[in-house]
Amino acid sequence: MNLSIRNMAEAVVLSLVSAALFAGFFRLNELIFSALEHSQGVNWIFLPAGFRVLLVLGMGLPGCLGIFLGTLYLDHAHLLHGHAMLIFLTGIVSGFTPWVVMKTMSQRGLLSADLKNLTYQQLLNFTLFYAAANAVLHQLLWALINVHNHQMMVELWPMFVGDLLGALLMLYAFKGLVNLIQGRRSSSGSL
């Protein structure tokens, strides 16, 4: 019984950390790239897309739940306008699309189930498939629940490009950080 309570507590903590990271990088993206916003919710560079990739690959379902919760937090202002269903479904798409892509690619042998054996090609393919699926599903949702003047085919490409560029920027920044930390460890260990 203790083991399951501990696992549940860890999942809750991971989800809350994921939510905070996702929301924080969403706000950072607004500060840095607000001039590159194509339309509401669609950016030419979207750094949180990189956190979606990292959180889902690194944490699995707790990462998805965190992204879902972060999206609900970020979109809570729209509740005043009576769009609760849209916010909930946007959270589902935002949080669980990368997980579905990961599971689908793993089942088809296109993605290593063990992240230790993840190749650069697999990571790039995952990022491409995730960015495409995320853009299509968000745009379909927003077209079906028409809240504002939405043009799906006009918004689709900027969202895909923004998710792809944001994810690649975050992944390369993360890789650079890991290399920097490993370089410092190896140089301090050789003394």
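This is a short exchange about a predicted model of one protein chain.

Colleague: What makes a feature count in this model?
Modeller: The model is predicted, so local features need pLDDT of at least 70, side-chain atom pairs count only at pLDDT 80 or more, and totals for chains, interfaces and linings use all residues. Residues are numbered from 1 along each chain as its sequence is written, and side-chain values use heavy atoms, with hydrogens and water left out.

Colleague: Where is confidence lowest, and where highest?
Modeller: pLDDT is the predictor's confidence in each residue, from 0 to 100. The chain averages 83, and 84% of the residues score at least 70. Strand β1 (residues 37-39) is lowest, at a mean of 65, and α3 is highest, at 93. Where pLDDT is low, predicted coordinates should not be read in detail.

Colleague: How many helices and strands are there?
Modeller: The chain has 6 helices and 2 strands. Both are DSSP runs, numbered from the N terminus: helices are H or I with at least four residues, strands are E with at least two. The order is α-β-β-α-α-α-α-α.

Colleague: Why is N29 called buried?
Modeller: Buried means under 20% relative accessible area, exposed over 50%, partly exposed in between (1.4 Å probe, protein chains only). N29 has 1%, so N29 is buried. N29 lies in helix α1. Contact means heavy atoms within 4.5 Å. Not counting residues up to four places away in sequence, N29 touches S34, N43, I45, F46, L47 and P48.

Colleague: What span does α4 reach, and what is expected?
Modeller: The expected span is 1.5 Å times one less than the number of residues. Helix α4 (residues 84-107) has 24 residues and reaches 34 Å from first C-alpha to last, close to the expected 34 Å.

Colleague: Where does α4 bend?
Modeller: At F96, by about 40 degrees. That is the angle between axes fitted to the seven residues ending there and the seven starting there. A proline, P98, follows within four residues. Just after α4, G109 takes a positive phi of about 75 degrees.

Colleague: What makes a set of residues a nonpolar core?
Modeller: Its members are buried Ala, Val, Leu, Ile, Met, Phe, Trp, Tyr and Cys residues, joined through side-chain atoms within 4.5 Å. The largest core has 35 residues; V53, L57, M102, L111, F126 and Y130 touch the most other members. Elements giving two or more residues to this core include α1 (2-33), α4 and α6 (152-189). F126 touches V53, L57, P98, V101, M102, M105 and L111, leaving out residues up to four places away in sequence.
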